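Me: I have a protein model open and would like to talk it through with you. Could we begin with the overall layout and then turn to the details?

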Amino acid sequence: LHYEAPARTIHRDLKSGNVVLTRQLVCKLCDFGGSKNLTHSETETSLRGTIPWMSPEMIRRDKITTATDVWSYGVVLWELITREVPYEGHGSFGIWKSVTEKGSTLAIPEQCPADFKRLMENCWQMDAKKRCNILEVIDELNDMPMKTIARGELQKMRNELQKEMKQMVINESKKLHAEVHKTMRDELQKIREETKQVKQEMWGELQRMRNELLKDLQQQPTSVREQTEDLR
């Protein structure tokens with residue numbers, strides 16, 4: 001597609017069935033029987049291609065540009081990621097109505113990597129002029145390994161940070177537990193000392209009251225003292 005674009009050639013039937021692998025596992029695009037050279041910026045089209053891979057403008061038989069191959073490439077990319085047949089079980093009319101009237105596209109799986117999801121969405125812009133061109137697709141694909149590495153490093157940093165935060169929480173928890181334990185121990189010791197002091201004061205007060213009572217009794221008449229002694 002990169003070589004086609006400068007020559008202003010549209011393949012018009014880009015699909016997985018027209019992509020072959022060499023023994024060196026190099027992808028080759030074949031079946032150029034329906035391709036068309038552009039003599040102007042746009043060209044009218046006949047109904048050429050395979051419906052599930054066709055762009056909306058091709059299905060409607062509108063004028064097309066090289067952007068129509070970009071749409072088809074997005075479908076091939078979807079096949080690689082999902083390993084499924086596009087619009088399997090849907091008839092041609094149903095696909096035509098879904099794409100051209102409802103503006104629907106293939107459902108992208110939730111587990112699809114964000115970069116590929118964004119690339120497919122760019123390939124499937126209903127307005128052909130808003131789609132990315134094939135050079136932008138190539139640049140995006142070339143950047144993905146670096147983005148993947150960057151995400152890997154970011155995830156590594158995130159994991160290390162989470163590990164450090166977890167250890168910090170554990171350490172702070174232990175420190176707080178020790179401080180609380182010490183505070184409780186100190187408070188308990190303080191309460192014990194205060195209780196001991198209160199007991200001593202109460203005992204002293206009782207002794208004082210006893211002594212005063214005995215003193216008062218000693219000052220009473222002998223009979224009363226004797227009665228008191230008898231009571232004791």
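Me: In what order do the elements of the protein run from the N terminus on?
Reply: This is a predicted model. From the N terminus on, the order is β-β-β-β-α-α-α-α-α-α. That makes four strands and six helices in the protein.

Me: What share of the residues counts as buried?
Reply: Of the 232 residues, 25% count as buried. The accessible surface comes to about 16900 Å², and 54% of that surface belongs to carbon and sulfur atoms.

Me: And which residues have the most contacts inside the largest nonpolar core?
Reply: They are Leu 119, Met 120, Cys 123, Trp 124 and Val 137, in a core of 29 residues. At least two residues of this core come from each of helix 1 (56-59), helix 2 (67-82), helix 3 (92-100), helix 4 (114-123) and helix 5 (134-218). Helix 2 provides the largest share, with seven residues.

Me: Which residues in helix 4 are buried?
Reply: Buried residues in helix 4 are Asp 115, Leu 119, Met 120 and Cys 123. They cover an arc of only 130° around the axis, so they lie on the same side of helix 4.

Me: Now charges. How many salt bridges does a search of the whole structure find?
Reply: The search finds eight salt bridges. In general, side chains of opposite charge can pair when their charged atoms come close.

Me: What about Glu 140, which residue does it form a salt bridge with?
Reply: Glu 140 pairs with Arg 118, and their closest N and O atoms are 3.1 Å apart. This pair also links distant parts of the chain, with Glu 140 in helix 5 and Arg 118 in helix 4, 22 residues apart. Glu 140 has a relative accessible area of 17%, so it is buried. Arg 118, with a relative accessible area of 33%, is partly exposed.

Me: How far apart in helix 5 are Glu 205 and Arg 208?
Reply: Glu 205 and Arg 208 are three residues apart, about one turn of the helix. Their side chains meet in a salt bridge of 2.2 Å, N to O. Glu 205 is partly exposed at a relative accessible area of 35%, and Arg 208 counts as partly exposed at 36%.

Me: Let us change topic. Which residues form a nonpolar patch on the surface?
Reply: Leu 161, Met 165 and Met 168 form such a patch, with about 300 Å² of accessible area together. Leu 161 lies in helix 5.

Me: We have skipped the strands. Where does Lys 28 lie?
Reply: Lys 28 lies in strand 3, which covers residues 27-29. At 46% relative accessibility, Lys 28 counts as partly exposed. Leaving aside neighbours within four places in sequence, Lys 28 is in contact with Asn 18, Val 19, Val 20 and Thr 22. The C-alpha atoms of Lys 28 and Asn 18 are separated by 8.3 Å, and these residues are ten apart along the chain.

Me: Last topic, backbone angles. What phi does Arg 61 have?
Reply: Arg 61 has a positive phi of about 60°, although it is not a glycine. Most residues other than glycine have a negative phi. Arg 61 is found in the loop between helix 1 and helix 2, and at 52% relative accessibility it counts as exposed.

Me: And Tyr 87, is it buried or exposed?
Reply: Tyr 87 counts as buried, at 14% relative accessibility. Tyr 87 has a positive phi of about 55° and is not a glycine. The loop between helix 2 and helix 3 holds Tyr 87.

Notes. Residues are numbered from 1 along each chain as its sequence is written. This is a predicted model: local features need pLDDT of at least 70, side-chain atom pairs count only at pLDDT 80 or more; totals for chains, interfaces and linings use all residues. Side-chain values use heavy atoms; hydrogens and water are left out. Buried means under 20% relative accessible area, exposed over 50%, partly exposed in between (1.4 Å probe, protein chains only). Accessible areas come from the Shrake-Rupley method with a 1.4 Å probe; for residues, only the protein chains shown count as cover. A nonpolar core is a set of buried Ala, Val, Leu, Ile, Met, Phe, Trp, Tyr and Cys residues joined through side-chain atoms within 4.5 Å. A salt bridge is a side-chain nitrogen of Lys or Arg within 4 Å of a carboxyl oxygen of Asp or Glu. Patches are made of residues with over 30% relative accessible area and no salt bridge: like charges are joined within 9 Å, nonpolar side chains (Val, Leu, Ile, Met, Phe, Trp, Tyr) within 5 Å. Contact means heavy atoms within 4.5 Å. The arc is that of the directions from the helix axis to the C-beta atoms.
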